[in-house]
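Subject: Structure handover, with notes on the ligand site

Dear colleague,

I am passing on the structure we spoke of, and my notes follow below it. Please read them with the coordinates open beside you.

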Amino acid sequence: MFIKMCANLRGDGRKAGQDLRFFGCLFFKTVLYLVRMVDFESVLIKHKFKYKKSLGQNFIFDESILDEIAECGGADGSTVVEIGTGAGSLTRAIAARAKRVCSFEIDETLFPVLEDTLAGFDNIQLFSNDVTAIGIETVDMLIGEPYKVIANLPYYITTPLIFLFLRSELCGSITCLVQKEVAERICAESGGDFGALSAAVQAVAEPKIIRKVKSWDFYPQPDVDSAVIRLDRKPGAMLSDGLDAFFKLCFSAKRKTLVNNLTTAGIDKSEVTAALQKLGFKPAARAEELGAAGLKALAEALGRA
Ligand code: SAM
């Protein structure tokens, strides 16, 4: 790039000016990012905070990424639930736009940090509960009104957390950072990536990848890249335990036909074949051939939804 820029300085003056502006802007952004990171890091150091890999503590301090997540998540004027407050960097971006933010963080050593970083916001409620332990009914009761989830999720419980909120009566959308491969599996409509996870999410929500985020945008840096996804709940659609379990059965052995997978699990073969034919699928179909909507219709036909 540098060599190309020097060549441009000699050749096309206008292009060289653009390059200089680009590098100037990049330099300014880098300085801003470093200042901001030092800002958060100094508070974390002041409170002797130690990052815990076991809790998926990979924080983001880049304001442009945080603002984009808050905006794409529809924080403006909304009630937002965040899972994993961390040092409060995303919480601040959400709180600047939202009516109310309810943020859950299980690492209590972060609470003194958050007293500093979230000072001045009066629309943030912090909870120390583990939402996977208290259950979605309790979360919905605590929030008490329709809400959106916006979060940089801890990787070790990404799928259970997404499934939890797809069972909520009040959650309208989920916008979150997840491992890039998980995002691709969630959004896949066919092929090798399409599986029980894709079917479960797509049966009740419209998923979309908003943007990719590189591993170096996190601190500490994880081993993998990530992506921001947004899942919009389909009106009235809710993931039930029965539907979730049914999708897992359908994909229990990916190379086998759907009839084989379901009969191995004890479902009557003639019932499955008849339901498939009634829905317009061939009896030897594999699960991925039905897509999320077809598998949901089959679950309903077999009384498993
Ligand atoms: N939101 C911050 C950010 O973007 O920088 C932190 C995100 S970090 C990937 C995930 C956070 O979730 C960590 O602070 C971790 O302690 C917290 N966490 C882990 N398991 C949790 C759970 N079961 N409930 C709530 N928070 C949890």
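To begin with the ligand, one of its nitrogen atoms is 3.3 Å from an N or O atom in the side chain of Glu-82, though please keep in mind throughout that this is a predicted model. Tyr-156 also faces a nitrogen atom of the ligand, with a polar side-chain atom lying 2.7 Å from it, while an oxygen atom of the ligand is 3.4 Å from an N or O atom in the side chain of Ser-89. The ligand would expose 600 Å² if taken alone, and the protein buries 99% of that area; its location is the largest cavity.

As for the surroundings, 23 residues are placed around the ligand, and the closest of them are Gln-57, Gly-84, Glu-105, Asn-152 and Tyr-156. Sorted by class, this shell comprises eleven nonpolar, eight polar and four charged residues. Two strands, E1 (59-60) and E2 (79-83), each supply at least two residues of the shell.

Turning to the protein as a whole, I count 14 helices and nine strands, and of its 305 residues 47% are buried. Along the principal axes, the C-alpha atoms fill a box of roughly 70 × 55 × 35 Å.

With best wishes,
A colleague

Terms used
Residues numbered from 1 in each chain as written. Predicted model: local features only at pLDDT ≥ 70, side-chain atom pairs only at ≥ 80, totals over all residues. Heavy atoms only, no water. Near = heavy atom within 4 Å. Polar contact = N/O pair within 3.5 Å; in protein donor to acceptor, adjacent residues only side chain to side chain. Areas by Shrake-Rupley, 256 points an atom, 1.4 Å probe, with all protein chains shown as cover. 1 Å grid on protein atoms, 1.4 Å probe; cavity = no way out; pocket = protein on both sides within 12 Å on 5 of 7 lines; lining within 4 Å. Sits in = over half its atoms within 2 Å of the grid points. Helix = DSSP H or I, 4+ residues; strand = E, 2+ residues; numbered from the N terminus. Nonpolar A, V, L, I, M, F, W, Y, C, P; charged D, E, K, R; others polar. Buried < 20%, exposed > 50% of the residue type's maximum accessible area, 1.4 Å probe, protein only.
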